[in-house]
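Hi,

Here is the structure I said I'd pass on.

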Amino acid sequence: MLQVILDGEASDEQKQYFKQHMDICLPCFKGYELDMAIKQLVKSKCCGGDAPSDLVEQIRITISQKIS
Amino acid sequence: MAEETTELSQEQPQIHYSEKEKEEIFHGEFMPHINSMYNFGYRLTLDGDDAKDLVQDTYLKAYRFIESFQKGTNAKAWLFRILKNSFINDYRKKSKEPNKVDYQEVETYYNSEDVDRQITPDLRVEALKDMIGDEISNALNSLDVDFRTVIILCDLEGFKYEEMAKILDIPIGTVRSRLHRARQLLKEKLSTYAKSMGYKNTNV
């Protein structure tokens, strides 16, 4: 259940249930907090930036040759 | 090649595009995903040159089979699926991945009722705040490629479970269980880092 909430795939009922449950259950709250922190950290640390420009250039050249 | 043609053209009926339309789709819908595609390629191969070859092959295939792509549909998922298949067919064989996990076993276990019970490793949010270098990236890269892949698709690229199922050709249930297991493994890695950084095992 934690996972579908985390990934934004939960139904409205699940969200509602989870919200209420979090208020009374500290372990679930902590677990959710940790998983969310990791998810955000993965996104901010592993996205890698731009593709190498020579790769982009090479693809453009190859495709333009195929088109012409 | 024959196999590939069948595979790519099975899902969508072939559409005829003019040369100009092909060019527009390629540059307008495919090329904008180049950075994500390169990152995916790099995270799969863990090698810059291999990643370039893989991404270039993928884009050439995408162009060759462009008539199986329906304009305006999810180009990113379509491209990711081609890249993943190219990786499996061309690169995985030669890469050194010695430890094979029995996924059937793992997934049967994680599909059971125990899934929602958290097996929390000794890791706290505070410890994560100090992981400002390559710890996260290294931990992700150290996971077995199938586990790494679901985290990339979900957490980095924001694909929905249904899209991931299509990209990976596996049922949604398997996506969910694999993702659950992947996160558990990632947490274990990060927990090890946290310990080495001096965080004590303080169970909350």
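**What I found**

Chain A has four helices and zero strands, in the order α-α-α-α along the sequence. Helices (H or I, at least four residues) and strands (E, at least two) are DSSP runs, numbered from the N terminus.

Before you go further: this is a predicted model, where local features need pLDDT of at least 70, side-chain atom pairs count only at pLDDT 80 or more, and totals for chains, interfaces and linings use all residues. Residues are numbered from 1 along each chain as its sequence is written, with chains lettered from A and ligands numbered from 1 in the order in which they are written.

On overall shape, the C-alpha trace of chain A spans about 65 × 25 × 10 Å along its principal axes. Buried residues (20 or more other C-beta atoms within 10 Å of their own, C-beta atoms being placed from the backbone) account for 15% of the 68 residues in chain A.

Now the partner chain. In chain A, 32 residues are in contact (C-beta atoms, placed from the backbone, within 7 Å) with 39 residues of chain B. α3(A) gives the largest share of chain A's side, 14 residues. That side divides into 17 nonpolar (Ala, Val, Leu, Ile, Met, Phe, Trp, Tyr, Cys and Pro), 10 charged (Asp, Glu, Lys and Arg) and five polar residues (the others, Gly among them).

One spot to look at: L41(A), V42(A), K45(A) and C46(A) in α3(A) meet I136(B), S137(B) and L140(B) in α8(B). The residues of this contact are five nonpolar, one polar and one charged.

Cheers

Notes: A residue is buried if 20 or more other C-beta atoms lie within 10 Å of its own, exposed if 12 or fewer, and partly exposed in between; C-beta atoms are placed from the backbone. Two residues are in contact if their C-beta atoms, placed from the backbone, lie within 7 Å.
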